Amino acid sequence: MITRRLYRALDARLGTTSAGRTALAKVFPDHWTFMFGEVAIYAFLALLLTGTYLTLFFDPSTADTVYDGAYQPLDGSTVSSAFASTVTLSFDVRAGLLIRQAHHWAALLFVAAIVVHLLRVFFTGAFRRPRELNWVVGVTMLTLALLNGFTGYSMPDDLLSGTGLRIIYSTVLSIPVVGSWIAMLAFGGEFPSDETAPRLYISHVLIVPAIFLALISLHLVMIIRQKHSQFPGPGRREHNVVGSRLWPAYAVRSLSLLTGVLAAVFTLGGLVQINPVWIYGPFHPAQATSPAQPDWYVAWGDGALRLFPPIEVHIAGHLVPAPFFPAVGLGTVTFLLLYAWPWLERWRTADKASHQILERPRDRPGRVAVGAYALTFFAVLLVTAADDILARLTGIPVTGILRTLQILVLVLPFAVAATAFVVARSLRAGTATTVGELTREDLHAGLTGSDELPEESRHPAERIRLWRNPDDTWRWCWHGPGDDLTSNEVFLDRAEALAAARTAFPGVSVEQDGPPEGVVLPPPRHEPGPATKAAAGLVWVAMAVLGRRADRRRSSPSEAPE
Amino acid sequence: MSGEKGAVRRIRLAFGVTVLGAVGFAVTYSLGANTQLLGISLGVAFAGLAYGLAAWGRRLLPTGGYVEQKPELVAPPRRRDLLAEAMEGPESPLGRRGLVGMLLLGAGSIGVALLFPLRSLLSFRKPDPVTMLRHTAWDAGVRLVTPEGTPVRLTDIARGTIQIVVPEGHRRDGDVPAFLVRLDPERLRKEPGAGRVGDVVAYSLLCTHAGCPVALYEQTTARMLCPCHQSAFDLNRDAAPIAGPAARPLPGLPIEADADGFLRARGDFTSPPGAGFWSYP
């Protein structure tokens, strides 16, 4: 068989067999919340593919050029090369608009998947020892994703992106002491500078994606080394992983997820218009779009800029302008807290143990409260970024809306956090599985209850059966209340199987037994049947005849002259 | 199992839909590439794969019920000691402290030296950032022109609208945009700091919060609104901020009318335009 020859060839050169067997048998926990990180990776893949196509047509230059193409309102007008090439690749390059819009949608999905993945890790305590380093890598990837999203939509040199760049420039300017130097070094001069576009471009298409790829690899290597964490359940222990294997179940499921992400991205890219720069028009320093909203993942910063009162501080004759506090200050504090969270929580709980079993959010009401506070706070900021649209829709003056939101951002997070705290404690205290099933007693317990975790019950009625298969391989199975779990690998000898079982379930007694009913073995290798042999013989004869004829024809012209 | 047969049929159908979608994409592309049809066909093609693979994984493959052992990551202390000994033992180069110190110093000095070319990110032909931020191209005698380049006369300024102006020859500078507006002297509650020509005044167009052009003029209240963060400036009170996150008034532009009736600047803005910075005067 051709595949067996491939295995042999690879093994002879790289010794891949043992690693390959382990990889195929790798177990992933079966829970839907483990998919978000994968969605992020696949969105990143979509970004790389569509983005590479876009680089072939985009020209990151602010040099004047005359747009000459299918978009009538701009035909013949003098605009920057960046803007003209964006319009050209949208209207004059076939499939260009699809790829460009798919790229933008993939970016929105990418950041969303990262954020939801981060929330899953946060609320289930997956960042605890030994996974703090991976938390740090993950938060770094979030910052890079935000940065690259911003540089990406700043590049077309349209009016909206120019306005966004100007706000970022002003934000960097607001940094005390070094702000003006950093801003000018980054932008290449006073805004708008011709140096900016090439810098955005190289950062967007090379520097940040390269770092990102390295960090994704690091993230995955650490996951493979540490193996997955898992939710509590029958047979789930600190020293094992329960779920489905990479091959076949997760290979197929993961491919389904990849193609699902691509389906979503391309459908959205084809049907739902996004960032129509030709409507905004080219950038001009004296113009701005109205209303002006950034992409969702930077909108919290924009909302903070709108919400923060006009406070400027003078220090020894120097100015700390208003944008410093809501933009630089809030961003720095947010990401420092994110980075430090595993250590902050360890300091609070004094829990230094290594954890492979995840917590349900309700197990840690305090953490739920912190998360609920942060989510509500950023949700209010996100809404604030649309205060002009709210004012237009409701007819309430924008100052009134702003005042309301200023109060809400101070009050609402506390209210939501307190509610979430009580709900989590009530869920923990009672037997309800969802919020809808909470009883009055549960709520009472939640309001007055203690902060103690319920004792984990031990089941004595568990055992491991070890058996020899008819083909001389070994396998074991854990039997306990609630589930039967089969070893992910087949083992070549008894000692190997026994060692694996004892690692996965320390202290559980192992008994040897015959193979269970209906054990699935690989089918025996096919001996070719008579029909196949006959067909092969015919093919051989046919080849031989044809080959001889070809020989004769080739030799005949050379004989002719004689 | 009839359920399995049904699943196989559905999966085969889904992969067939993928083929149709792919063909549809290729045909659409060849016929002029309608974006919507391209998106639908490619989306359908990938969705067919996604559905088929999901059904395959769910219905035809064993899922759940497997357990993998997770060996302890921590090595026994004796092994860690061996690692430390191998790293720092007698043969280790780290033993020569003096040399290691000089090596670090050397490498560090290269690192510091290589920071210098970062300065090239900012052209040496330009003045330093603070000077650039403090001064604009407006100067005594510079004519006010529209963004299209037409010189502006006092009589061009109509009541009820603003006229955006830039200094002649500096159309694309980021810090120069200004606007002219005709105010009602009766309602003026604070005399413009930069003075006025008749009832026409000139201010910087850039919001003092984050530098967006405050291009929305509300004539009834004589206010300028910023579309970015909703700051408002009262032109009757020398463009003082009255709402939103802006904390400083719009800088005024001193102007005069020359002998031909064209408007010229009498100097730079009364303070640096746009967002604030550390060395703001």
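Reader: To start, in which helix is B:Arg10 found?
Author: B:Arg10 is in helix H1 of chain B, where helices (H or I, at least four residues) and strands (E, at least two) are DSSP runs numbered from the N terminus. This is a predicted model, in which local features need pLDDT of at least 70, side-chain atom pairs count only at pLDDT 80 or more, and totals for chains, interfaces and linings use all residues. Residues are numbered from 1 along each chain as its sequence is written, chains are lettered from A and ligands numbered from 1 in the order in which they are written, and side-chain values use heavy atoms, leaving out hydrogens and water.

Reader: Why is B:Arg10 called partly exposed?
Author: Because its relative accessible area is 38%, and buried means under 20%, exposed over 50%, and partly exposed in between (1.4 Å probe, protein chains only).

Reader: Switching topic, how many disulfides are there over all chains?
Author: The count is 1, taking a disulfide as a pair of cysteine sulfur atoms within 2.5 Å. That link joins B:Cys212 to B:Cys228, with 2.2 Å from S to S, and it is left-handed, with -95° about the S-S bond. The two cysteines lie 16 residues apart, B:Cys212 in the loop between strands S5 and S6 of chain B and B:Cys228 in the loop between strands S7 and S8 of that chain.

Reader: Is B:Cys212 buried or exposed?
Author: B:Cys212 is buried, with a relative accessible area of 1%, and B:Cys228 counts as buried at 2%.
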